[in-house]
Amino acid sequence: DGEKLPPGSSLESISPDMVERVEIRRSATADLSTEAVAGTINIVLRKTTRQDTRRLQLSLAGAPGRIRPSATWFQSRREGARAHSLGVALRQTAFEDGQRLRESVRLADGSVDYVRDGRTRSTGGREALVLTPRWSLKRDDGALSADGLFDASRYRKDGRFDTQTLAGRPPAYPTYTSRTEL
């Protein structure tokens, strides 16, 4: 509806039943200036619920190193001039990633200081609960509506870096581990 999504939210939190239309603007506009040089996508939400609805959607998506199960429940009801809806989404993302590298350092005289092989491995994921309530009241002189977005999520990432010295001096810490939780 012409407003930016709140920080930390995603397009996945908008139920398709709430969407009236999608507008694509291919160039920057004066109100967005340098924030949207390549254009914007405006998702216009329906003003009221068109019909009483109850829907449960379960999905599982995946790619190499990533799994994404989700469950979405949506309910809407219209009673005369009043309408309300509630979307609830539970989502989980898991990932695993790794890389190998070789580091070779030579001194100014051309001799080898050290040669090391390294391996990184990262695992982690994000769990989220997203609520999207909507309430509207239609009157002869206009309409009143309220929308909400509540996103509670947890993110964690565990990393490990292992080093094997092939030539020269070994590192002070051949193994390094890290953990990030938000």
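The protein exposes about 12,900 Å², and carbon and sulfur atoms supply 53% of that area; accessible areas come from the Shrake-Rupley method with a 1.4 Å probe, and for residues only the protein chains shown count as cover. This is a predicted model, in which local features need pLDDT of at least 70 and side-chain atom pairs count only at pLDDT 80 or more, while totals for chains, interfaces and linings use all residues. Residues are numbered from 1 along each chain as its sequence is written, and side-chain values use heavy atoms, with hydrogens and water left out.

Of the 182 residues of the protein, 21% count as buried, that is, under 20% relative accessible area (1.4 Å probe, protein chains only). Among contacts (heavy atoms within 4.5 Å) with a separation of 6 or more, 56% are accounted for by residues 24 or more positions apart.

The protein has 9 strands and 0 helices. Strands (E, at least two residues) and helices (H or I, at least four) are DSSP runs, numbered from the N terminus. From that end on, the elements run β-β-β-β-β-β-β-β-β.

Strand β4 takes part in two pairings, listed below; two strands pair if DSSP finds at least two bridges between them.

| Strands | Bridges | Direction |
|---|---|---|
| β3 (residues 53-63) and β4 (residues 66-79) | 11 bridges | antiparallel |
| β4 and β5 (residues 82-106) | 12 bridges | antiparallel |

Individual residues mark these pairings. Leu56 has Trp73 in β4 as its bridge partner, and Glu79 stands opposite Arg82 in β5. β4 and β5 form a hairpin with 2 residues between them. In its turn, Gly80 has a positive phi of about 65°.

How values were computed
Buried means under 20% relative accessible area, exposed over 50%, partly exposed in between (1.4 Å probe, protein chains only).
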